[in-house]
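Please read the following with the sequence and the 3D structure open side by side.

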Amino acid sequence: MASNSHALLSASASKRWIMCNPSARLTENMDDTTSDYAIEGSTAHLACEIKLCKALGYEPDEPNLFDHVDPEIDECSNSYVSYIMEIVEDLKANNKEPFVLVEQKLDYSKYVEEGFGTGDCIIVSDGL
């Protein structure tokens, strides 16, 4: 499962800190608050992760968490899984056996000090 920790110079906030360099330090001590929208987004994200793991034949950490999920989240997460699986199947059809990682922690500290993040889905296949 994805970690809830964030890098000071996170990839997801890069537009902000690239455009306004001091913003990273100015916001680092702010309270980490949430909203109903953030909770819904996290729920949708987790539904995508669990469904994709199942579709790929991986064992998700919480396989039955989304037996009954909001219909909109269910539809969106199904579309996400269909999209990823279409890419995987296209690669397989072209004899390019893909290596698929779900919720993979990434280290980009070579480029940004203490830089890390999480890739939702990473597909590697014969130079792609």
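At what angle do helix α3 and helix α4 pack, and how far apart are their axes? The model is a predicted one. In this model, helix α3, residues 36-56, and helix α4, residues 71-93, pack at an angle of about 40°, and their axes are 9 Å apart. Angles under 35 degrees count as roughly parallel and those from 65 to 115 as roughly perpendicular; α3 and α4 are therefore oblique to each other. Their crossing is right-handed.

The contact can be followed residue by residue. From α3 come Glu40, Thr43, Ala44, Ala47, Cys48, Lys51, Leu52, Ala55 and Leu56. On the side of α4 they meet Ile73, Asp74, Ser77, Asn78, Tyr80, Val81, Ile84, Met85 and Val88. By type, the residues of this contact are twelve nonpolar, three polar and three charged.

Which residues make up the largest nonpolar core? This core has ten residues in all: Leu52, Cys53, Leu56, Val81, Ile84, Met85, Val88, Val100, Val102 and Cys121. Helix α4 gives the most, with four residues. In soluble globular proteins, nonpolar side chains tend to be buried together.

Neighbours within four places in sequence left aside, Leu52 is in contact with Tyr80, Val81, Ile84, Met85, Val102 and Cys121.

Is Val88 buried or exposed? Val88, found in helix α4, has a relative accessibility of 2%, and because buried means under 20%, Val88 counts as buried. With neighbours within four places in sequence again left aside, the contacts of Val88 are Leu56, Pro98, Val100 and Ile123. Ser14 is 74 residues from Val88 along the chain, and the C-alpha atoms of these two residues are separated by 29 Å.

Asn95 is not a glycine, yet has a positive phi of about 55°. Glu103 also has a positive phi of about 55° without being a glycine. Glu103 is in strand β1, and with a relative accessible area of 12% Glu103 is buried.

The last stop is Asp120, in strand β2, residues 116-124. Buried means under 20% relative accessible area and exposed over 50%, so Asp120, at 37%, is partly exposed. Beyond its neighbours within four places in sequence, Asp120 is in contact with His45, Tyr80, Leu101, Val102 and Glu103. Among these, Glu103 is the buried residue with the positive phi, Val102 belongs to the largest nonpolar core, and Tyr80 takes part in the contact of α3 with α4. Lys105 lies 15 residues from Asp120 in sequence, and the two are 9.0 Å apart in space, C-alpha to C-alpha.

Note on methods. Residues numbered from 1 in each chain as written. Predicted model: local features only at pLDDT ≥ 70, side-chain atom pairs only at ≥ 80, totals over all residues. Heavy atoms only, no water. Axes fitted to C-alpha atoms, helices over the stretch in contact; angles between N-to-C directions. Parallel < 35°, antiparallel > 145°, perpendicular 65-115°, else oblique. Left-handed = near helix turned anticlockwise from the far one by under 90°. Contact = heavy atoms within 4.5 Å. Nonpolar A, V, L, I, M, F, W, Y, C, P; charged D, E, K, R; others polar. Core = buried A, V, L, I, M, F, W, Y, C linked by side-chain atoms within 4.5 Å. Buried < 20%, exposed > 50% of the residue type's maximum accessible area, 1.4 Å probe, protein only.
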